[in-house]
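Subject: The structure you asked about

Hello,

Here is the structure for you to look through. Please open it first, then read my notes below.

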Amino acid sequence: QVDIGWISATDNVAVTIYNIYRDNVLLGSVAMNILTFTDKTVQANKIYTYSVEAGDAAGNKSLVRKSILVT
């Protein structure tokens, strides 16, 4: 499994959701007060890229996703 975490995002409207992507495909979403995600669907000896996108109450999404590479 892969456990990822991030620091909370700030927004003038209020962040309501974080979308977690693996290899640019939406893997899951968590509420604004959750800053971790566990991917239990990984395979050994494979390379994955994860990114997290913040969304706010007005439906806006963050422009820049932070990516991490996991092997």
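First, a term you will need. A strand is a DSSP run of E with at least two residues, and strands are numbered from the N terminus. With that in hand: Thr-16 lies in strand S2. Please keep in mind that this is a predicted model.

**The whole chain**

The protein has 0 helices and 6 strands. Read from the N terminus, its elements run β-β-β-β-β-β. The C-alpha trace spans about 40 × 20 × 15 Å along its principal axes.

How does the radius of gyration fit a compact globule? For 71 residues, such a globule would come out near 11 Å. The protein has 12 Å, which agrees.

Of the 71 residues, 31% count as buried. Now take the contacts between residues at least 6 apart in sequence. Of these, 50% join residues at least 24 apart.

**The core**

The largest nonpolar core holds 13 residues. Which of them touch the most other members? They are Ile-4, Trp-6, Tyr-18 and Ile-20. Three strands each supply at least two residues of this core: S1 (2-5), S2 (15-22) and S5 (48-56). The largest share comes from S5, with 4 residues.

Is Thr-16 buried, exposed or partly exposed? Its relative accessible area is 34%, so Thr-16 is partly exposed. The cut-offs behind that word are 20% and 50%.

Set aside residues up to four places away in sequence. Thr-16 then touches Val-30, Ala-31, Met-32, Gly-55, Asp-56 and Ala-57. Tyr-50 is another matter. Thr-16 and Tyr-50 are 34 residues apart along the chain, and their C-alpha atoms are separated by 20 Å.

**Asp-56, a buried charge**

Asp-56 is one of the residues that Thr-16 touches. Asp-56 lies in strand S5. Its relative accessibility is 7%, so Asp-56 counts as buried.

Where is the nearest side chain of opposite charge? It belongs to Lys-61, 7.2 Å away. A salt bridge needs the nitrogen and oxygen within 4 Å. Asp-56 has no salt bridge.

What does the side chain of Asp-56 reach instead? Another is the backbone nitrogen of Asn-60, at 2.8 Å.

Leave out neighbours within four places in sequence, and Asp-56 is in contact with Asp-11, Val-13, Ala-14, Val-15 and Thr-16. Asp-56 and Ile-34 are 22 residues apart in sequence, and 14 Å apart in space from C-alpha to C-alpha.

**The salt bridge**

Side chains of opposite charge can pair when their charged atoms come close. How many salt bridges are there here? The count comes to 1. The side chains of Arg-22 and Asp-39 form it, at 2.7 Å from N to O. Arg-22 lies in strand S2 and Asp-39 in strand S4 (residues 36-39), so the pair ties together parts that are 17 residues apart in sequence.

Are these two buried or exposed? Arg-22 has 18% relative accessibility, so it counts as buried. Asp-39 has 3%, so it counts as buried as well.

Two residues to look up in the loops are Asp-23 and Asn-45.

- Asp-23 sits in the loop between S2 and strand S3 (25-31). Its phi is near 55°, a positive value in a residue other than glycine. At 37% relative accessibility, Asp-23 counts as partly exposed.
- Asn-45 sits in the loop between S4 and S5. Its phi is near 60°, again positive in a residue other than glycine. At 82% relative accessibility, Asn-45 counts as exposed.

**Where to start**

Then find Arg-22 and Asp-39, whose side chains meet in the salt bridge. Finish with the loop residues Asp-23 and Asn-45.

Best wishes

How values were computed. Residues are numbered from 1 along each chain as its sequence is written. This is a predicted model: local features need pLDDT of at least 70, side-chain atom pairs count only at pLDDT 80 or more; totals for chains, interfaces and linings use all residues. Side-chain values use heavy atoms; hydrogens and water are left out. A nonpolar core is a set of buried Ala, Val, Leu, Ile, Met, Phe, Trp, Tyr and Cys residues joined through side-chain atoms within 4.5 Å. Buried means under 20% relative accessible area, exposed over 50%, partly exposed in between (1.4 Å probe, protein chains only). Contact means heavy atoms within 4.5 Å. Lys and Arg count as positive and Asp and Glu as negative; His and the chain ends are not counted. The radius of gyration is taken over C-alpha atoms; the globule rule is 2.2 Å times the number of residues to the power 0.38. A polar contact is a pair of N or O atoms within 3.5 Å; within protein, one must be able to donate a hydrogen and the other to accept it, and residues adjacent in sequence count only if both atoms are side-chain atoms.
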